Amino acid sequence: MATCGMKDKPLLAAIAEEAISKILAFRPQNLTNTAWAFATLEVVHRPLLPALAPSVVMKMSEASSQDISTTAWAVAVMAVYHAPLLAALSSAAILKISDFDTQHLANTAWSFATLGICDRPLMTSLAEGFSRCIN
């Protein structure tokens with residue numbers, strides 16, 4: 001649906017409610033894909049992100065660099081400031097920065113900048129990641 005740009009609001013609301021009911025069983029990629037799809041469609045389902053956030057935070061150690069950067073991107077696109085989620089994304093990115101490719105680095109930097117968050121340890125780590133990629 002997101003790739004096709006379909007915005008059937010009743011269907012999206014039903015999908016969001018179903019996702020919320022099963023969120024504890026989601027793996028990091030499921031959480032990321034859900035956030036990405038709603039952000040891509042520019043649909044902010046108010047109960048969804050607060051429901052996703054604790055599961056994302058809890059499973060951050062299992063997240064890939066793509067999960068981290070895509071989730072950060074989705075949060076920024078939806079313009080949602082959720083401090084514990086952003087702190088978990090930042091910490092995970094710093095720990096896994098050596099796994100980030102240039103796209104992941106750029107998405108993460110853009111996301112935090114778009115939200116107006118000046119996270120110096122994260123930005124330092126991202127700068128080091130960019131330096132590694134261009135050398």
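Helix H3 (residues 48-58) gives the largest share of the lining of the second largest cavity, 3 residues. Helices here are DSSP runs of H or I with at least four residues, numbered from the N terminus. Before we go on, please note that this is a predicted model, in which local features need pLDDT of at least 70 and side-chain atom pairs count only at pLDDT 80 or more, while totals for chains, interfaces and linings use all residues. Residues are numbered from 1 along each chain as its sequence is written, and side-chain values use heavy atoms, leaving out hydrogens and water.

What is a cavity? On a 1 Å grid over the protein atoms alone, a cavity is a set of points where a 1.4 Å probe fits but cannot get out, and its lining residues have an atom within 4 Å of a point. Grid points are joined across faces, edges and corners, and the volume is the space filled by probe spheres set on the points. Rolling a probe the size of a water molecule over the atoms shows where empty space is left.

With a cut-off of 30 Å³ or more, the count is 2 cavities.

Now turn to the largest cavity, with a volume of about 60 Å³. Around it you will find Pro28, Leu31, Thr32, Val56, Lys59, Met60, Ala63, Asp67, Ile68 and Thr71. Helix H2 (28-40) and helix H4 are the elements that give two or more residues to this lining. Its residues comprise 6 nonpolar, 2 polar and 2 charged.

Let us look at Thr71, one of the residues in that lining. Thr71 sits in helix H4 (residues 65-77). Is Thr71 buried or exposed? Thr71 counts as buried because its relative accessible area is 5%; buried means under 20%, exposed over 50% and partly exposed in between, using a 1.4 Å probe and protein chains only. The side chains of Thr71 and Thr32 are joined by a polar contact of 3.0 Å. A polar contact is a pair of N or O atoms within 3.5 Å; within protein, one must be able to donate a hydrogen and the other to accept it, and residues adjacent in sequence count only if both atoms are side-chain atoms. Apart from neighbours within four places in sequence, Thr71 is in contact (heavy atoms within 4.5 Å) with Thr32, Val56 and Leu89.

Ala76 is also found in helix H4, and is buried with a relative accessible area of 5%. Ala76 and Phe112 are 36 residues apart in sequence, yet 7.2 Å apart in space, C-alpha to C-alpha. Not counting residues up to four places away in sequence, Ala76 touches Trp110, Ser111, Thr114 and Leu115.

Our last stop, Thr34, lies in helix H2 and counts as buried at 13% relative accessibility. A polar atom of the Thr34 side chain lies 2.8 Å from the backbone oxygen of Asn30. Setting aside residues up to four places away in sequence, Thr34 touches Ala19, Phe26, Leu48 and Leu52.

Terms used: On a 1 Å grid over the protein atoms alone, a cavity is a set of points where a 1.4 Å probe fits but cannot get out, and a pocket is an open set with protein on both sides within 12 Å along at least five of seven lines; lining residues have an atom within 4 Å of a point. Ala, Val, Leu, Ile, Met, Phe, Trp, Tyr, Cys and Pro count as nonpolar, Asp, Glu, Lys and Arg as charged, and the others, Gly among them, as polar.
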